[in-house]
Amino acid sequence: MKKFYLVLLSLFFFFNISFSQNVPEWAKGIVWYQIFPERFANGDSTNDPSPEKVYAGRKIPEDWRIRKWTSNWFEKDVWEEKLGDPLQNHLYERRYGGDLQGIIDKLDYLKELGVKAIYFNPIFESISLHKYDASYYHHIDVEFGPSPKIDKQIINSENPEDKSTWKWTTADSLFLKLVDEVHKRGMKIVLDGVFNHVGTQFWAFKDLREKQEKSKYKDWFIVKEFDDPKTEKNEFEYKGWWGYWGMPEFNRTKENLNPEPSKYIFNSTVKWMDPNGDGNPSDGIDGWRLDVARDVPLGFWKDWSALVKKANKNAIIIGELWELSPDFITKDGPFDALMNYNFAFAVNDFFLAEKKKISTEEFIERLQEIDNTYPADNLYVLQNLIDSHDTDRLLSIAKNPDRKYDKDGKEENPEYDPSAPTEKEILKQKLVLAFQMTYLGSPMIYYGDEVGMWGADDPHCRKPMIWDNLKYDNEVIDENSGFKVGYGSYPVQQNNDVLKFYKKLIKIHNENSVLQKGTLKFIHIDKDQPAFAFERTLEKEKVYILFNLSKTKVVFKIPVGAYENLLLDEEMSTSGNINLEPESFIILKSS
């Protein structure tokens, strides 16, 4: 049966689908916004997470409860105090109740911000707060929807392996409403696909754990040793992602995942791309971001990506690839784009570093290395991020410069300062945003950066979103926080100045197609100071972007003529020389 399915699959792709990808036009230069669903907004308190699900068979702590959204992040709840362990031991068991209704309620906020596409961290059924350990791929997490109890009954009535038995839960239906509301606002929606591994509550793995060698799903996973029922010891051992037992990996060959889990993944993929099954993808999602893409055999991605493009030729496929990856993004490669962490590395080492700041020349060389790695068309859809759910936040990176990106950003670093940002860090944030919004590619904002949120590396970068209609307790950092420095009490509220700046820069980006799809050429690279300038061109449109990160004025040369200062919304003319103030930038559009 396995060989028959593989042959059938191969013939399907050979006769129906070309592997060559067309970069979606809508995604070029688009402004992305990343949402971590559990921490974005709680729109429905009746579906708040239950301790039974959070602990999934483990002992539930006495007095466990949903965390108050506006509480001091570093304050222990009653149940945490009773356990007596350090605070960081409990942060992954906290729940704040973010859900789909909360996201729907805030879509107008995102539209006003200028967001054009939303990337969601995983939302499929799972016991964790991050959902990277799926229990099902074909259902939205029941506690993100309106009726968890009803949805559990619906799921239990199905045979997950047989898609003909699948039903729509209330959470699934609410998600389709979310998709519709996103599309009504002229935005796109992309989901996180985690296809390398699942959670221990995954339906096929639960069967394997119970039945061992007798399980029909024993070939779905990489089992090292089955349990011997004749002994008291449980010998059951399997391969988990990076050795973590909570995330069992799917079985695979060197070239592909095993056919049975592949079939389930394929069926689930199509469900969310074409919910009505009518061949019209307009009511489905607009693409995928793919977790730990390098860990999954390339052959699987080629087959899967072909399926995605058949379902929706305009869907975007984005890989989580932290290194330059020309094997994944080529004319005939499986992906359109990647999370452009190499962009973040370069920006960190030039804009945010202080003592270890790289030279202007090295900064430009590193950017050009990215540009020279991928086809020209794909450069416009690379997600140019600075921070994410896997790193400390932008303002905290700025607060703690001269570290290697995404390293030493937690309690283990005795010098790490988790405290609130000062004006110095906020200025750096603004300069970084200005570069994001004007450079080649698609800028991505991590939720809350636009209102001045700060936080150390995971899990501290995943605090509840700060909303202007809520009153938050001060964040108090003391000797019980786990950190060695940064002690103090810091007000938690939206920074309206930062939010206003984000809206302005995003508006400039969105209203000038040259910043979305124009070519780029560096016209000034200062060898002695951190200063540079580049030109964006699209047909007859030209925009000049100048940055001076130094402590003194720098003179730039641009063509003589009349310009519009896009930041100040005013006309100006120049004889060819621009004197730029220290630690500033200017965006000039040729009139």
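In what order do the eight strands of the open sheet stand? In this predicted model, in which local features need pLDDT of at least 70 and side-chain atom pairs count only at pLDDT 80 or more, totals for chains, interfaces and linings use all residues. Residues are numbered from 1 along each chain as its sequence is written, and side-chain values use heavy atoms, with hydrogens and water left out.

The order is β8-β7-β6-β3-β2-β1-β10-β9, with parallel pairing, where strands are DSSP runs (E, at least two residues) numbered from the N terminus and two strands pair if DSSP finds at least two bridges between them. β8 (337-338) and β9 (383-384) stand at the edges with a single partner strand each, so one side of each is left without a neighbour in the sheet.

Within the sheet, strand β3 (residues 188-193) has five of its six residues buried and is therefore largely enclosed by the rest of the structure, buried being under 20% relative accessible area with a 1.4 Å probe, protein chains only. Strand β2 (residues 117-120) runs parallel to β3 and is joined to it by three bridges, with Tyr 119 partnered by Val 190 of β3. Three bridges also pair β3 with strand β6 (residues 287-290) in the parallel sense, and here Asp 192 has Arg 289 of β6 as its bridge partner. β6 in turn pairs in the parallel sense with strand β7 (residues 316-319) over four bridges, Leu 290 standing opposite Gly 319 in β7.

Helix α10 (residues 298-311), a DSSP run of H or I with at least four residues, has buried residues that include Phe 300, Trp 301, Trp 304 and Leu 307.

How values were computed
Buried < 20%, exposed > 50% of the residue type's maximum accessible area, 1.4 Å probe, protein only.
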